[in-house]
Structure formats: structure tokens, C-alpha cells
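Dear colleague,

Please find below the structure that I am handing over to you, followed by an account of what was found in it. I would be grateful if you could read the two side by side.

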Amino acid sequence: MAPRVLTCALTCALTVLGASGLLVDPPRLLGELKLANAAFVEVYTAQRGEGDDVARKTLYVSSFNPGNIIGDDKVYYLRAPGRQLAPVAEWDMKVLDHHADWTNDICYTPPEAVGFEGVTVTSGFLVPFKTHGKLQVFNTEVEPPAGPYLLTTLDTKDWAYHRALWHDMDGDGDLDLSTARFHQNSITGHITKSFAYMTNDGVNPADSGRWHQVEVIADGPDVGFRWLKLPSGGKTYDVLLGGEFWNERLTVYWTEDGDWSNPENVQSRIVDDTTGQVFDVFYDDLNGDGVPEVWASCFDLPNKNGSLYKWTIPDDFINGDWERTTLDTNFHPNSMLFGETMSPGSAIIFHPSDAARDAGNKPLILLSGDDDGNQYILQPVSQDPADWTYARQTLVETGGTTAGQVTADDIDGDGYTELITAGYTVGKVYVFTYAP
Ligand SMILES: *[C@@H]1O[C@H](CO)[C@@H](O)[C@H](O)[C@H]1NC(C)=O
Ligand SMILES: [Ca+2]
Ligand SMILES: [Ca+2]
Ligand SMILES: [Ca+2]
Ligand SMILES: [Ca+2]
């Protein structure tokens, strides 16, 4: 413990002395790309393929438009964006997909899952004509990417899918596709929530795609979730962390032996049911003490007040106390004529530079205000692990009702991080860099 405290004391002192203040200057805008309804943005670095890390990065942007009633919500991609930074305005985005309605998260698919490296595009939402969501896998090892390979052919109702993570659910060594989803009854408005997986029988999705489904949890995780390994009673468990949007709670689920194929074996604990709607949930070491925290963007619907919370995970996740801290609050969404709005939304931690990470500094948080139309940078005001105070800077005011997702990555490999954010209503993708 002592060396870590000492290192921190030194780093803190250096940070204070080395800069005019503790806060890092905001990044500079490299450029803006016009892209209608830009919603979710991701950058993945392929393990396979030619060239260096910069060449193997791909930017993905999904989009949705309630007005496209015949369903041509597009997903775009751009290979090696870091090789084309000047000018961003001329990025030639290629269409990855136009077969889904209301595309959401674009999730990474590792080569171990199905034999090729790629992405899984999730889709579906509540609005008319957009309720039939899908999980579509693409092989991105080839150009243009091959697919889509539909893994939800056996759906018996319209599901809205927002995330799909490859995880071995039945303990046979094959990665199955785990997912959270929901369905709204069009007459009663009742919402059905379902956490399920598509079983990997070793069949390449390119050759026939009847992946049978196992529902693991009914009425549980519906939008955001993560897989963690957590300790209790001297044992480490495979834990599903659910950010339950409709049930308005944060929960953990586990089984005794890590086999999720029998729903009767699933145990659960409600961590917090006073958060309001959980937009998304994350698992990162925010305070630089080497231990990850759980954190989430949440929205108190009756009071129209959004917050970002963190929970310190106890040594025993089943029996211990999960201590909650408010990292930021008072996010207020714009209102819309039709439908509910919320704020804040998606987030990611980042370091402005490799040097800041190597120095052991706490990460910053890039946060989308979602329906408040803005994006923010939250900076820890101190390097003290016990201090959870953040200073909020506005990175982008899109000027439109809704901003989109955010991501951070050093896309050109110069040691300085780029921030990529979507302006949904204004139809733009913004690219910033911390490079001087
Ligand atoms: C918003 O919620 C936070 C956290 O619960 C609370 O501290 C704050 O006072 C609330 N703000 C308003 C305007 O209700
Ligand atoms: Ca399996
Ligand atoms: Ca299997
Ligand atoms: Ca920590
Ligand atoms: Ca860079």
C-alpha cells in the first residue's frame, strides 16, 4: 500500500506544480462531418489484418430516423480514420448496413466467438415501425464487410436490442451472444424485459443461422449490462451487472458455478433501486486506486433530473454494502412533442494522453448529455482517491434537441487522445484531439 500512496503523493504534487491548474485544457476541434441522424459511435482496433494499430482501427456510426418508416436506418464505417484526419469534413463513410430499424450499439465480435472478427449491430426501439429489432453479425476481416448474419431468426416477438456481448453462458467453451432486450405491447403499453443468449453450437453464422435462444432472466436487464468477475466468501463469481431501465434499478445476478443455462439457478441482489431509469452502466477504475468501480448514468423521471453515480464494490458483493457517490447531477433534458426524453446518456473514461495515463493520473469522463443536446468532459479536481469531485466542462453544444453517443481513442497513434461524438438532431460527427 505504502508505495502506491507515495507514488500518488508525488504525482499529485507534480501535477499541481506542472500545470497552471489541475484541469487539463479542453481538446481542440479537428473537424465536423455531416451525417444525418448520427447516433452511436464506436472505434474498434482489429486484432487481425494488415498494418499497424492505426491502420486496423475502424470507426462505426449507427443512425436512426423515426421518419424512415420503410426501415433504412443506416450503419456507417470508416477504416483507418486516423490516416484521414485532415479534413474530417470529407470523410467518405461507407454503408455497413441498411437492413435494420433503429440501430443502436455496435458491439465488438472477437475472432474466438465465430471464427472471424467483426461487429454485432443491435437495433429496435419503441416507436412505430421500429419495434422489430435484430442482432446482426458482420465479418469485418474482408472488404467490404460480409453479412449481415442474423442471429435472432428465432425471435417470437419484436424485441428492442441495445447491447450484445459474447460470453460463455453454458460453460462449454464456446462464446454465446448474451443480450438484454425489451418489448412493448402495442395495445396495453406493457413492457416485457428479457435477458437472454443466442446459443453458439459451433456453427459459423455465415452457414445457416438458426441460433436457438435461452431466456436467462425474465423482467430483469433490458438495455445496459456488463460482465464482471466479483468476489464473495473467498470465491470469484461470474457476475452480470444490470442497468435496468424499465425497472429503474441496478442489480447483480450470478450462479454458483458460472453456468447460466438453467434460469432456476440464477440468483440476484438489487444494489440500488433509488436511481431512476438507468441509461447505461460501466465498470472502470475511476479514482486510480487500482480497483474498478461500478458507475452509471441515471435519470429521475418525475423530477426530470439526471445524475452520474458511482458505487464502490464491497469485498463481498453479495453481502457487503455498495456505497454510492454522486459524481455529477442536475442534467436536464430538452422536451419533445412526442415521447419521453432523458439526460445524461452514454459515457467513456479516457486519459488525454499516453503520458497522463503512464503518470497514473485518474481518467477523465466523456459524457453525453443525450437529450440535453450537449456533451461534457468531467475532470477529477484532485488525484486523491478519496476525492470524488469532478469539474464539468461543456465540450459540444450541438444546438439540437438530442446529442448522440461518445467515444475516445488515439486514432492516429500520436500519443494524444481523440474524442469522437455524435450530434443526433443536427446530423454531425465531431472530432477533437488533445494533441497540441
Ligand atoms: C437532482 O438529483 C440530485 C441527486 O439525487 C440532487 O442532489 C439534486 O438536488 C437534484 N436536483 C434537482 C433540481 O432536483
Ligand atoms: Ca457456450
Ligand atoms: Ca456451444
Ligand atoms: Ca477505483
Ligand atoms: Ca491522437
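To begin with a point of location: in which loop is Lys 304 found? Lys 304 belongs to the loop that runs between strand E19 (293-300) and E20. Although Lys 304 is not a glycine, its phi is positive, at about 45°. Lys 304 is partly exposed, because 16 other C-beta atoms lie within 10 Å, and a residue would need 20 or more to count as buried.

Confidence in the model

Please bear in mind that this is a predicted model. The mean pLDDT of the chain is 92, and 94% of its residues reach 70 or more. Over residues 1-20, however, the pLDDT is below 50, and this stretch has 12 contacts in the model beyond near neighbours in sequence. Where pLDDT is low, the predicted coordinates should not be read in detail.

The surroundings of ligand 1

The residues around ligand 1 are Asp 300, Asn 303, Asn 305, Ser 307, Thr 326, Thr 329 and Asn 330. Two elements give two or more residues to this shell, namely strand E20 (305-312) and strand E21 (323-331). Which of the elements gives the most to the shell around ligand 1? That element is E21, with three residues. Sorted by class, the shell holds six polar residues and one charged residue, and no nonpolar ones.

The sheet E2-E3-E4-E5

Four strands make up an open sheet in the order E2-E3-E4-E5, and their pairing is antiparallel. Strand E2 (38-45) and strand E5 (94-100) are at the edges; each has a single partner strand, so one side of each is left without a neighbour in the sheet. On average, and with direction ignored, neighbouring strands of this sheet are turned by 20° against each other.

The pairings can be followed across the sheet. E2 pairs with strand E3 (residues 57-63) over seven bridges in the antiparallel sense, and Glu 42 has Tyr 60 in E3 as its bridge partner. E3 and E4 also run antiparallel, joined by five bridges; here Ser 62 stands opposite Val 75 in E4. Between E4 and E5, again antiparallel, there are four bridges, and the bridge partner of Val 75 in E5 is Asp 97.

Is strand E4 (residues 73-79) largely enclosed or left open by the rest of the structure? Six of its seven residues are buried, so strand E4 is largely enclosed by the rest of the structure.

The sheet E6-E7-E8-E9

A further open sheet of four strands has the order E6-E7-E8-E9, with antiparallel pairing. Its edges are strand E6 (103-109) and E9; since each has a single partner strand, one side of each is left without a neighbour in the sheet. From one strand to the next, the twist averages 25°. Strand E8 (residues 135-139) and E9 run antiparallel and are joined by three bridges, with Ala 146 in E9 as the bridge partner of Asn 139.

Backbone details

Two cis peptide bonds may be of interest to you. One joins Ala 86 and Pro 87, with omega about -10°; Pro 87 lies in the loop between E4 and E5. Another joins Gly 147 and Pro 148, with omega about 0°; Pro 148 is found in strand E9 (residues 146-150).

Asp 219 is a residue other than glycine with a positive phi, near 65°. Asp 219 sits in the loop between strand E13 (213-218) and strand E14 (224-232). It counts as partly exposed because it has 13 C-beta neighbours inside 10 Å.

A loop glycine

Gly 400 is located in the loop between strand E25 (390-397) and strand E26 (406-409). With 16 other C-beta atoms within 10 Å, Gly 400 is partly exposed. Leaving aside residues up to four places away in sequence, Gly 400 touches Gly 373, Gly 423, Tyr 424, Thr 425 and Val 426. How far apart are the C-alpha atoms of Gly 400 and Arg 357? They are separated by 34 Å, and the two residues are 43 apart along the chain.

With kind regards

Conventions. Residues numbered from 1 in each chain as written. Chains lettered and ligands numbered in written order. Predicted model: local features only at pLDDT ≥ 70, side-chain atom pairs only at ≥ 80, totals over all residues. Pairing = 2+ DSSP bridges. Axes fitted to C-alpha atoms, helices over the stretch in contact; angles between N-to-C directions. Buried ≥ 20, exposed ≤ 12 C-beta atoms within 10 Å, placed from the backbone. Contact = placed C-beta atoms within 7 Å. Near = placed C-beta within 6 Å. Nonpolar A, V, L, I, M, F, W, Y, C, P; charged D, E, K, R; others polar. pLDDT = per-residue confidence, 0-100.
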